[in-house]
Amino acid sequence: MTMMKRFFALTAPAILLTGSAMAFDAKKGQEVFENSACMGCHNTDTDEKRGNAPALKGLYKKEGMTEAKVVDKIKKGGNGMPPYEEQLEKADMENLLAYLKTL
Ligand code: HEC
């Protein structure tokens with residue numbers, strides 16, 4: 001019985017986490033990416049920078065990259081990146097982040 005309890009205590013949060021991650025749609029996020037002109041500046045399929053815009057391929061694998069940094073950059077922009085805080089609905093932002101994680 002204690003074993004069972006321990007099992008649920010460990011797996012239930014994991015199931016909740018994967019469940020919520022799947023609620024956001026990378027496919028829709030790709031549409032947001034394409035419709036928000038992101039692709040006009042950023043490469044997603046090569047590591048090559050375009051102008052000042054770093055490639056977003058492997059974004060989350062870049063050293064020191066965190067979700068907070070990505071969100072902050074998209075919302076506030078800066079250094080040649082336009083701010084998107086006003087344009088993106090919360091769901092668009094979540095889907096966009098789900099898409100960026102697949103790169
Ligand atoms: C007009 C060109 C332009 C557009 C459009 C643009 N960006 Fe950027 N983006 C940049 C530049 C330039 C930087 C680098 C800024 C810096 O060095 O601080 C950047 C940085 C970023 C970064 C940080 C990457 C890193 O490796 O540090 C992310 C994430 C990002 N952009 C995502 C997006 C998304 C998502 C969109 C669309 C919603 C978008 N960008 C639209 C030019 C652009």
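**Overall fold**

The model is predicted. Its chain has five helices and zero strands. From the N terminus on, the order of elements is α-α-α-α-α. The chain has 103 residues, and 14% of them are buried. Take the contacts between residues at least 6 apart in sequence: 53% of these join residues at least 24 apart.

**Nonpolar core**

In soluble globular proteins, nonpolar side chains tend to be buried together. Here the largest nonpolar core has eight residues. They are Val32, Phe33, Cys38, Leu56, Leu96, Ala98, Tyr99 and Leu100. Helix H2 (26-35) and helix H5 (90-101) each supply at least two residues of this core. H5 gives the largest share, with four residues.

Leu96 is one of the core residues. Setting aside neighbours within four places in sequence, Leu96 is in contact with Gly29, Val32, Phe33 and Leu88. Val32 and Phe33 also belong to the core.

**Helix H2**

**Ligand shell**

The ligand is surrounded by 22 residues. The closest are Cys38, Cys41, Asn79, Gly80 and Met81. Cys38 is also part of the largest nonpolar core. H3 and H4 each supply at least two residues of the shell around the ligand. By type, the shell divides into 13 nonpolar, seven polar and two charged residues.

Asp45 is found in the loop between helix H3 (38-41) and helix H4 (67-76). Is Asp45 buried or exposed? Asp45 has 9 C-beta neighbours inside 10 Å, so Asp45 counts as exposed; the cut-off for exposed is 12 or fewer. Asp45 and Ala55 are ten residues apart in sequence. In space, the C-alpha atoms of Asp45 and Ala55 are 8.0 Å apart.

How values were computed
Residues numbered from 1 in each chain as written. Predicted model: local features only at pLDDT ≥ 70, side-chain atom pairs only at ≥ 80, totals over all residues. Buried ≥ 20, exposed ≤ 12 C-beta atoms within 10 Å, placed from the backbone. Contact = placed C-beta atoms within 7 Å. Near = placed C-beta within 6 Å. Nonpolar A, V, L, I, M, F, W, Y, C, P; charged D, E, K, R; others polar. Core = buried A, V, L, I, M, F, W, Y, C linked by C-beta atoms within 7 Å.
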